[in-house]
Amino acid sequence: MQEFDKKEFKKNVEEYVGVFFRKPIEEASRQQVYQGVAYTVKNMIIDDWLETHKAYEEQDLKTVYYLSMEFLVGRALGNMITNLKADTSIREALEELGYDLETIEDEEPDAALGNGGLGRLAACFLDSLSTLGYPAYGCGIRYKYGMFEQKIENGYQVEVPDNWLKNGNPFEIKRSEYATTVKFGGYVRMIRDEYGNDRFVQENYQSVRAIPYDMPILGYGNHVVNTLRIWDAEAIDTFNLDSFDKGEYEKAVEQQNLARTICEVLYPNDNHIAGKELRLKQQYFFVSASIQRVVAKYMEAHEDIHKLYEKVVFQLNDTHPTVTVPELMRILLDDYYLGWEEAWDITTKACAYTNHTIMSEALEKWPIELFKRLLPRIYQIVEEINRRFILQILKEYSSDAKKIEKMAILYDGQVRMANLAIVGGFSVNGVAKLHTEILKKQELRDFYEMFPWKFNNKTNGITQRRFLLHGNPMLASWVTGKIGEGWITDLSLMEKLMPYTEDEQSRKEFMDIKYRNKVRLAAYIKENNGIAVNPDSIFDVQVKRLHEYKRQLLNILHVMHLYNKLKDNPDMEFYPRTFIFGAKASAGYERAKAIIKLINSVAEVINNDEDIQDKIKVVFIENYRVSNAEIIFAAADVSEQISTASKEASGTGNMKFMLNGALTLGTLDGANVEIVEEVGEENAFLFGLHSDEVIEYEQQGGYNPRELYNSDRDIKRVVDQLVDGTYSREDKALFAPLYESLLAGKGGEPADRYFILKDFRAYEAAQEKVEKAYRNMEGWAKAAMKNTAKCGKFSSDRTIEEYVKDIWHLSKVQK
Ligand code: 26V
């Protein structure tokens, strides 16, 4: 990249606007100016992108392919400007054109190709891989519609399609030259080739053309540009639609429909399997296209397919891309004519699997009938993998039928994807220490016993470039002022802030920045929700997907309880609080949607109750997403991480709050455990059941919440308020399903299966400690600063270095 030339930059923006929209820049809309800026910035990185890939080839470097159904990358422009270190100069240039940078950035839609934690983690990993200079591709799907846009109407969530590509995507490049064909259905026929070998060919199938689109992923200040390659489907037009052959015609139409539907939409479920045929098609589609292309690229530069694993490693982001295992086998067996053992050796040395949840609802299983019909050749291969694996179990455990029942890949009419991923690879990792331990001791115990060497932990991380440098510019420049800019690429340096926690002036500066960020969020809330909040109140924030195990219900029940107390004792001591929520619920998840409605109903009642005198405000931020998350984290005082212990595999929002100086109010779950290890228990607020206690209750079939309900008047009162019309005058039955879930359960599930009432008093006590701690501003400021200072471990740069050292074995590019 050449030196930044402001004049040239402005000229380029004007030229793009002129060429694309036939307008002088003075007459262009903000969106048009955004487009001009985006193309100009893309232009600035194009040479680096080319050169990076040339360097990879010349240095013949091993590459990781991060296979993921989701990449929740968010906006690209601001991130690229940050990573180009061109923030100040581009800001200036735009000001001379009459625009401020934020306004232009706001014109970009979020690329929301993911649901939540799992997709955002993939995006943070790509940022770190480039920044650290490792050869990497993200491989995924170019959904036409990403995560839905959430509107709140009358307190209810309404889902609006996210047409993120409607104005085009300035950052992507269509790579038709790498298109491949993916086949579905039909049947497999065995033929004998001219050398007398059995060969398998798929016949009478339907196929689609997979077309890759590449998006650049910039490293920070190092001119390394990796690629996020997402696939779109197009129809294969070898059939003549005018054909009088009816069979031909129908097939052509079917193939067109297949191509049209595959990449249409991201499944907006998180932690729940719907078992939909289209989803399996999506999985095989992007996996087959990616793997075919990887093998072809490898063979362009190498002779020996047997050594594929020396240059290629596939990381499977959850079980969603697990068909990688049989697909790679298929290519090696059917296209390269390898024997089974050779092919299996290569495959199991090239694949590694990350587990992201122990929630049994999310464990992927496919009906054999469906799997076989859609992927007949892949199914044959899975059958053979399963047959051989069962022989291995029998050999090691003689005739232990229980082992086969638990570990078989094909069982009870289903294909169990986690089992396939574990057997078909060399590494299985969890995403936080506690989570990995639970996998080893509970969920995947038998596999751990059989393959202990495969298991390892990789505690998640987040990129400080987006969540501090870009999202909280005031704090970022304060930190740089104190300790220099090294933290941007080495977050462990934040430790150097520790001495400043003892300095009164520094504490004042730190809290002043927090205050200004609260003012910024308050303005956002005013503009988007029409609610006025007080930046002097405690900003208590829970933002994440809505799920019962994350216990937004516990949070809002506690708010209802506080409100009861204030109504009973109007003069009680009370530090003003703003409870902020943000969450999307899966469209079909009724209880989750009821919780959103409840939060909004409670907000409506409390925010408009004059008796409360603004001591409590409740805000539900509409359409929580990556771009507004950056503003929210920067402004938080309290980070709510209150999942039922053992259920949240890691959490990554918890780390973003910590980085921005919020104190964790949480259970000992996921990465909270490690956060508290770093910052010290005295700088967080822990409460509630521990994971082993939860697991023990679960093994006994739950606990009896009725007893609690009958013996604790305050608990009874808030639970009853779910059904007495306090928050649903129009329809008392509105929240009955939530009431029922707490006291009865449904369809055999235990009552209060997430231990909300069980943990209620402990949560209340922790909240009282929060209030008390906040009254001591000195102490709070120290603790907040310590959170920022001690967050070094939670950089995704650290996580990636661990993946490289223990799993991927990559080398950095020399540039
Ligand atoms: C599962 C499913 C099931 C089928 C329908 C679509 C769908 C989409 C996503 C998922 C994955 C759920 C697992 C997940 O997101 N886990 C989260 O991963 C984060 C990154 O490791 C971690 O921080 C969170 O604790 C964990 O819940």
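**Close-up views of a predicted model**

**View A. Phe760 in helix α30.** Phe760 is found in helix α30, which spans residues 760-775. The structure shown is a predicted model. With 24 other C-beta atoms within 10 Å, Phe760 is buried, since the criterion for burial is 20 or more such atoms. Leaving aside residues up to four places away in sequence, Phe760 touches Leu554, Leu557 and Ile715. Lys518 lies 242 residues from Phe760 along the chain, and the C-alpha atoms of Phe760 and Lys518 are separated by 28 Å.

**View B. The contact of helix α20 with helix α23.** Helix α20 comprises residues 504-529 and helix α23 residues 626-635; their axes come within 8 Å and cross at roughly 135 degrees. The two helices are therefore oblique to each other, because an angle counts as roughly antiparallel when over 145 degrees and as roughly perpendicular from 65 to 115 degrees. The crossing of α20 and α23 is left-handed.

**View C. Lys656 in helix α24.** Helix α24, made up of residues 653-659, contains Lys656. An unreviewed UniProt entry lists Lys656 for "modified residue: N6-(pyridoxal phosphate)lysine". In the model, Lys656 has 30 other C-beta atoms within 10 Å and is therefore buried. Its contacts, not counting residues up to four places away in sequence, are with Ile462, Phe467 and Phe633.

**View D. The contact of helix α8 with helix α10.** The axes of α8 (residues 277-301) and α10 (residues 324-335) come within 10 Å and cross at roughly 45 degrees. Helices α8 and α10 are therefore oblique to each other, because an angle must be under 35 degrees to count as roughly parallel and 65 to 115 degrees to count as roughly perpendicular. The crossing in which α8 passes α10 is right-handed. From α8, Val287, Ser288, Ile291, Gln292 and Val295 take part, meeting Thr324, Glu327, Leu328 and Ile331 of α10. This contact of α8 with α10 divides into five nonpolar, three polar and one charged residues.

Terms used. Residues numbered from 1 in each chain as written. Predicted model: local features only at pLDDT ≥ 70, side-chain atom pairs only at ≥ 80, totals over all residues. Axes fitted to C-alpha atoms, helices over the stretch in contact; angles between N-to-C directions. Helix = DSSP H or I, 4+ residues; strand = E, 2+ residues; numbered from the N terminus. Left-handed = near helix turned anticlockwise from the far one by under 90°. Contact = placed C-beta atoms within 7 Å. Nonpolar A, V, L, I, M, F, W, Y, C, P; charged D, E, K, R; others polar. UniProt positions renumbered as here; feature names shortened; annotations may be inferred. Buried ≥ 20, exposed ≤ 12 C-beta atoms within 10 Å, placed from the backbone.
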